[in-house]
Amino acid sequence: MKKIETERLYLKRAKLEDSDFIFELLNSASWIKYIGDKKITTENTAKDYIQETLISSYDKNGFGLLIIKLKDETSIGLCGFLKRDYLKHADLGFALLQAYEGNGYAFEATYAIMEYGESELDLKKVMAICMETNQKSLQLLSKLGFKKIDTIKPSETSEELLLLST
């Protein structure tokens, strides 16, 4: 995989050694509110998540969520593409630790990953799912050129989400 780098950030594949950061991010209030509780309760469950979700996606799909790092090596979020069974195209996903929101990092990372998806992965269309109440993410998706095309209920127990596409 080609290195993805921006002026202030770079994106890298997650490794088991990133378990402390994954534990922190997946237990943050905004992750739980807008993405859901993944039941990451220990460093070992964080390592399992990295192996079974992140690394598995890289191996199976050739893409996945990447760790967003500041140039000083500080991990601040995740950004990348997911392959969901219920969507026809790759899905853009992103999340930042709250302390790093509002600085343009999410846009910088998602813009770079969208360029990578088009040039390196040959993704002609990308989808996104988002809660209607997640206004920050909806604004970012709009800035990236996503438009609402429908609503979707991924499972019988999940709530209805907005479905957007490029």
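**A close look at one spot**

Reply: Lysine 39 is exposed, with a relative accessible area of 57% (exposed means over 50%, buried means under 20%, and partly exposed is in between, using a 1.4 Å probe and protein chains only). Before going on, keep in mind that this is a predicted model, where local features need pLDDT of at least 70 and side-chain atom pairs count only at pLDDT 80 or more, while totals for chains, interfaces and linings use all residues. Residues are numbered from 1 along each chain as its sequence is written, and side-chain values use heavy atoms, with hydrogens and water left out.

Back to our spot. Lysine 39 sits in the loop between α2 (29-34) and α3 (helices are DSSP runs of H or I with at least four residues, strands are runs of E with at least two, and both are numbered from the N terminus). You'll find aspartate 122 in the loop between α4 (105-119) and β6 (127-130).

Follow the chain on to α3, which covers residues 43-61. The axes of α3 and of α1 (residues 19-26) come within 8 Å and cross at roughly 95° (axes are lines fitted to C-alpha atoms, for helices over the stretch in contact, with angles from 0 to 180 degrees between N-to-C directions). So α1 is roughly perpendicular to α3 (65 to 115 degrees gets that name; under 35 is roughly parallel, over 145 roughly antiparallel, and the rest oblique). Who does the touching? On the α1 side it's Ser19, Asp20, Ile22, Phe23 and Leu26, and on the α3 side Glu43, Ala46, Lys47, Tyr49, Ile50 and Leu54 (contact means heavy atoms within 4.5 Å). Sorted by type, those residues are seven nonpolar, one polar and three charged (nonpolar covers Ala, Val, Leu, Ile, Met, Phe, Trp, Tyr, Cys and Pro, charged covers Asp, Glu, Lys and Arg, and the others, Gly among them, are polar).

Serine 57 is also in α3, and serine 57 is buried at a relative accessible area of 11%. Skip the neighbours within four places in sequence, and serine 57 is in contact with Gly62, Phe63 and Gly64.

Leucine 162 belongs to strand β8 (residues 161-165). Threonine 151 is eleven residues away from leucine 162 in sequence, yet their C-alphas are 4.5 Å apart. Not counting residues up to four places away, leucine 162 touches several others, including Ala128, Cys130 and Thr151.

Stepping back to the whole chain, there are five helices and eight strands, running β-β-α-α-α-β-β-β-α-β-α-β-β from the N terminus. The C-alpha trace spans about 40 × 35 × 35 Å along its principal axes. Buried residues make up 48% of the 166 residues. Among contacts between residues at least 6 apart in sequence, 58% join residues at least 24 apart.
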